[in-house]
Amino acid sequence: MTERLAHYDDLETRSPEEREAHWARALPAQIANAQERAPSMAALLGEVDAATITDRQALARLPVLRKADLMGPQAANPPLGGFATRPATAFHHLYMSPGPIFEPGDTTRDWWRFGRFLHALGIGPGDIVQNCFSYHLTPAGAMFENAIAAVAATVVPAGTGQTELQAQAGAALGVTAYAGTPDFLKAILDRADALGLSLSIRKAAVSGGALFPSLRAAYEGRGITCRQCYATADLGLIAYESDAMEGMIVDEGVLVEIVRPGTGDPVPDGEVGEVVVTTLNPDYPLIRFATGDLSAVLPGESPCGRTNMRIKGWMGRADQTTKIKGMFVRPEQVAQLAARHPEAGRLRIVVTREGEQDAMLVQADGAAADEAALGESLSAVLKLRGRVEIVPQGSLPNDGKVIDDRRSYD
């Protein structure tokens, strides 16, 4: 086996029996850790005997923790609400996601576990990685910087925006790899072409948005191997692609369940359901954390030699929350927008693709709606730009849908 295909560690090639034995030890230890040191997580778990939770069947008896459940305790006991096992001042970083919801972060080796994903892509010593994830308030930039250090590569902390400067930096510094949202790399490449610059990027680690087949093919046509991972700000890495390109392989530091949306009941393998994750992170022990994302188990093992469970990747949202241009847009935010502009009537956000980028349209059916005012509030509330369209009164379907994602993932 070549160095390019070498595994990150021996955990990736364990037998099913070895992995089950590991979880039989790890689950009780993590649940006991949460009960002893994370009071809000302990309150949700109740009086369960941690020693009895040794497998998936036992784990499924525990309640599901939803992202919204973090908000009340965090407001009452800021900033982390008793879900972390260390005080806020013991972490290197604190982050704020929409809600607001707060997350901790640390700089110890591969704390977020993204090193496994970068290694699977072949990023390592000798690579210079242009990290175009945001470094501000949200953790994606720090997540990948932490991972780049774990695989002994060099980071260019580029952040978001400024495509001309990004192209110039990539050319001048000899960048060999990109980390960022799927479509921002295309913007950099196009800008470099316009400037007559030659970029040496050959690997792209992407997340935070949909990687459409046409975009992946465009990168492949330029000689860039593009792989994606699935992660959240709360949990870190959940699953990632390998060269086998058959679904996503679940990270070794989490246990993934696929459950019937709105319940905590596991569905049969192959059936689409909501992704629920239990993490082994001792600092932030989230047990049965519901992501709101839909996926399904992909049977069998990956041809790449990694033996862990595989999922089919992101297959939509269990609720209407939608990721647009790398940012989550939630129904509650649409309600905030409507409260600012009662004259706008009913509102609906329509998400499409224009070229290789997300496009957002806000439709309002109020006769007195003001396009300009609504557009200004759109940027303030959603932190995103989009078009506004006034439609005939009563023309929006009465189906309860406020976010209509019309993007195709085929």
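What is the average pLDDT of the protein, and what share of the residues score at least 70?

**View 1. Confidence across the predicted model.** The protein averages a pLDDT of 92, and 97% of the residues score at least 70, where pLDDT is the predictor's confidence in each residue, from 0 to 100. Over residues 1-5 the pLDDT stays under 50, and for these residues the model has eight contacts beyond four places in sequence, a contact being heavy atoms within 4.5 Å. This is a predicted model, in which local features need pLDDT of at least 70 and side-chain atom pairs count only at pLDDT 80 or more, while totals for chains, interfaces and linings use all residues. Residues are numbered from 1 along each chain as its sequence is written, and side-chain values use heavy atoms, with hydrogens and water left out.

**View 2. The buried face of helix 7.** In helix 7, residues 163-173, the buried residues (under 20% relative accessible area, with a 1.4 Å probe and protein chains only) are Gln-166, Ala-167 and Gly-170. Seen down the helix axis, these buried residues fall within an arc of 100 degrees, so they line one face of helix 7; the arc is that of the directions from the helix axis to the C-beta atoms. Their cover includes strand 4 (128-131) and helix 8 (184-195). Helices (H or I, at least four residues) and strands (E, at least two) are DSSP runs, numbered from the N terminus.

**View 3. Cys-226 and Cys-229.** With a disulfide defined as a pair of cysteine sulfur atoms within 2.5 Å, the count comes to zero. Cys-226 is in no disulfide, the nearest cysteine sulfur being that of Cys-229, 11 Å away. Cys-226 is buried at a relative accessible area of 0%, and Cys-229 also counts as buried, at 5%.

Technical notes. Buried < 20%, exposed > 50% of the residue type's maximum accessible area, 1.4 Å probe, protein only.
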